[in-house]
Amino acid sequence: MGVSTSSPEKGISLVVVDFPPVNALPVAGWFALADAVRAAGRDPATRCVVLAAEGRGFNAGVDIKEIQARGGEALVGANRGCFEAFAAVYECEVPVVAAVRGFCLGGGIGLVGNADVIVASEDAVFGLPELDRGALGAATHLARLVPQHLLRALYYTARTVSAAELHAHGSVWRVTPPDELEGTALELAGEIAAKDGELLRLAKAALNGIDPVDVRRSYRFEQGFTYEASVGGVADRVRAAFGSAADERSSGE
C-alpha cells in the first residue's frame, strides 16, 4: 500500500498509487505521490513518467473520512497535498502519461488534467462529484479535458463522462481493453522516451510556458471556496444530506 516507483523499461519511470479500497488518498498519500513524481522527473535517466494505480479504480479523490475525523487540520492538509501532487505532475521535468482505468474522480481529475497524455481503459469514467460531497475544486483541470459548456454541465450535475467521450473530445489519446491498458501506456511512453532526453525536458518547459491558464494559480483560487464552504458549515450540511440519501437508496426506500 502507498506509492511505488519502478523502471519497467529504459527511460521510463512507472509511478503506481495503491491505497485500498478505492484509492481515496489520505493527506500523507498526496504528498508521497508528489514526491515520487518529482523524484522521477529529476532522475536524468528518466525521459517519461507513467502514472498508474492498483485496485478498483485510478483515483477517488481525498479521504473524506480522514477529514471528518481530523477536521480543519486534515482539510488544510488535503488542500495542500492535492495542490502539491497536481503541481508535481504538471511541473514534472519530463512528459507524464496517465494510465486510467475504472473511476477517476475528484482529485483524480486534478492528476490527469495536468498530465501530458491520457491513456484510458474502456471502463474508465471521469468526473467531479464535488458538489455532492460538500466541496469544490479541480474545475481548472476538468477544463483541460472538455469544452467550457460541458465542463459547467458536468460540474453542476456531478455527472461523469466515459473514456470514449473524452477520446471524442481529443483529451484521451487511446481507449483500450482493461487488460491492454498498461501495455498501451508503456508503448506510448517508450516512443516518447526514444527522443533525446535533454530536448524532451526543453519541450516540456516550452509547452508549459505557452499554456493560456496558470493552473497553479487557478486551482489555488478554487481551493479558497472549498475552505469557505467548510468553515461556513455548507460542506457538512451537504455531506450529511448526501449520506442520508445514499443510505435510503441502499435500503431501497
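Modeller: A cavity is a set of points on a 1 Å grid over the protein atoms alone where a 1.4 Å probe fits but cannot get out. This is a predicted model, with local features needing pLDDT of at least 70 and side-chain atom pairs pLDDT 80 or more, while totals for chains, interfaces and linings use all residues. Residues are numbered from 1 along each chain, and side-chain values use heavy atoms, without hydrogens or water.

Colleague: How many cavities of 30 Å³ or more does the structure hold?

Modeller: The structure holds 1.

Colleague: Which residues line the largest cavity?

Modeller: Lining residues have an atom within 4 Å of a point. Here they are Phe-83, Phe-86, Ala-87, Asn-114, His-141, Val-215, Arg-216 and Tyr-219. By class, 5 are nonpolar, 2 polar and 1 charged.

Colleague: What is the strand order in the open sheet of 3 strands?

Modeller: Strands of a sheet pair through backbone hydrogen bonds, either parallel or antiparallel. In this sheet the order is 5-7-8, with mixed pairing. Strand 5 (103-105) and strand 8 (160-162) are the edges; each has a single partner strand, so one side of each lacks a neighbour in the sheet. Strand 5 pairs with strand 7 (residues 125-127) in the parallel sense over 3 bridges. Leu-105 stands opposite Gly-127.

Colleague: Where is pLDDT under 50?

Modeller: pLDDT is the predictor's confidence in each residue, from 0 to 100. The protein averages 93, but residues 245-253 stay under 50. Where pLDDT is low, the predicted coordinates should not be read in detail.

Technical notes:
Contact = heavy atoms within 4.5 Å. Pairing = 2+ DSSP bridges. Helix = DSSP H or I, 4+ residues; strand = E, 2+ residues; numbered from the N terminus. 1 Å grid on protein atoms, 1.4 Å probe; cavity = no way out; pocket = protein on both sides within 12 Å on 5 of 7 lines; lining within 4 Å. Points joined across faces, edges and corners; volume = space filled by probe spheres on them. Nonpolar A, V, L, I, M, F, W, Y, C, P; charged D, E, K, R; others polar.
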